[in-house]
Amino acid sequence: MMEIKPLDAPFGCAVYGLDVAAGVDAATCKALHEALYQHRVMVIKDQTCDEAAYLTFGRQWGAPIPHVIDSSRMAGFPDMMEVGNTTLRGKDDDLKRNSAAFWHTDQAYDADPATATMLFARIIPDVGGETRVIDMKAAYDGLDEVMKQRIDTLNAMHLYGATSGKDGEAPTAALTDAQAKEVPPTLHPLVRTHTVTGERALYGVAGTAFGIEGWDAAEGEALIAELKAHCVQDKYIYEHKYKVGEIAMWDTQMTLHSAKHIGAPNGPGTERLLWRISVRGKPAVFQ
Ligand SMILES: [Fe+2]
């Protein structure tokens, strides 16, 4: 029997007794979605999926997004990415290894951003490699009414790499000209309405947001920095330490996340490899 329990953390839940590789029926799938939307983060324990089974599960959450950096797509499975520091496929350089070590939400630089991201833990180091996640609904609810009024109808301008290396964050890999053409600057509301639940939360106030539509550049940057500083308080953050076999996922409409910096692999217990799927659009179970 599947069991869903809250994590011993400010938010998040864990799922026990589910075998994703065996296939997830519609009723179970709906229960999982509701749990993710309620808890923002969900950790499905003890999975044994191969690539195909994992991708089948990923498609139940939306349309997988092949990453704009096409060289980072998984060989044979372009809808997936390998994340980590493993040298197995020649991906060991500091920028790639730490390309998610800054606060962001996935594909906020795209007009049609991700709605969920999942990471299947294949190899986990003894120390480090955690992901931190912010509950942006809680952060929104924690704003005072004056700020809520002020930002209610504002749009943030997003661009891939626009804030790379700023505000103490790790830099992101630059796009080629061809890749950059696929993701021109785009707008998203500062307060976004969840496409399934209708809940409102702060959205994308870090990572690719570089200004406010119609505002002076410095004032826009200052507002985004103020909102980010509000969000990165410990009371809104859950830090996940992965175990091999877990599928960890988060609701990208209602969270920010940041990978902790990790070094090059250096013998047993220092390698990190996770399979990532990000999806967009409404899940089939809610269509
Ligand atoms: Fe990410």
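The points below are grouped by topic and refer to a predicted model.

**The β-α-β unit**
- Strand E2 (residues 13-16), helix H1 (residues 26-39) and strand E3 form a β-α-β unit that is right-handed.
- E2 and E3 pair in the parallel sense over three bridges, and Ala14 stands opposite Val43 in E3.
- On its pairing with strand E15 (residues 247-251), E3 runs antiparallel over four bridges; here Ile44 stands opposite Ile247 in E15.

**Helix H1**
- H1 has 14 residues and spans 20 Å from its first C-alpha to its last, close to the 20 Å expected at 1.5 Å a residue.
- Its buried residues are Leu32, His33, Ala35, Leu36 and His39.
- Seen down the axis of H1, these buried residues fall within an arc of 160 degrees, so they line one face of the helix.
- The face of H1 turned away from the buried side carries Ala26 and Ala27, which are exposed.
- The cover over the buried residues of H1 includes strand E1 (3-6), E2, E3, strand E7 (116-123) and E15.
- Arg40 follows H1 and has a positive phi, near 75 degrees.

**Lys45**
- Lys45 lies in the loop between strand E3 (41-44) and helix H2 (51-59).
- Apart from neighbours within four places in sequence, Lys45 is in contact with Ala14, Val15, Tyr16 and Glu246. Among them, Ala14 also stands opposite Val43 in E3.
- Between Lys45 and Tyr140 there are 95 residues in sequence numbering and 30 Å in space, C-alpha to C-alpha.

**The three-stranded sheet**
- E14, E8 and E16 make an open sheet of three strands in the order E14-E8-E16, with antiparallel pairing.
- Strand E14 (237-240) and strand E16 (255-259) are the edge strands, and each pairs on one side only.
- From one strand to the next, the twist averages 20 degrees.
- Strand E8 (residues 131-135) pairs with E14 in the antiparallel sense over four bridges, and Thr131 stands opposite His240 in E14.

Key:
Residues are numbered from 1 along each chain as its sequence is written. This is a predicted model: local features need pLDDT of at least 70, side-chain atom pairs count only at pLDDT 80 or more; totals for chains, interfaces and linings use all residues. Two strands pair if DSSP finds at least two bridges between them. Helices (H or I, at least four residues) and strands (E, at least two) are DSSP runs, numbered from the N terminus. Axes are lines fitted to C-alpha atoms, for helices over the stretch in contact, and angles run from 0 to 180 degrees between N-to-C directions. Two residues are in contact if their C-beta atoms, placed from the backbone, lie within 7 Å. A crossover is right-handed if, with the strands pointing away from the viewer, the path from the first strand over the helix to the second runs clockwise. The expected span of a helix is 1.5 Å times one less than its number of residues. A residue is buried if 20 or more other C-beta atoms lie within 10 Å of its own, exposed if 12 or fewer, and partly exposed in between; C-beta atoms are placed from the backbone. The arc is that of the directions from the helix axis to the C-beta atoms.
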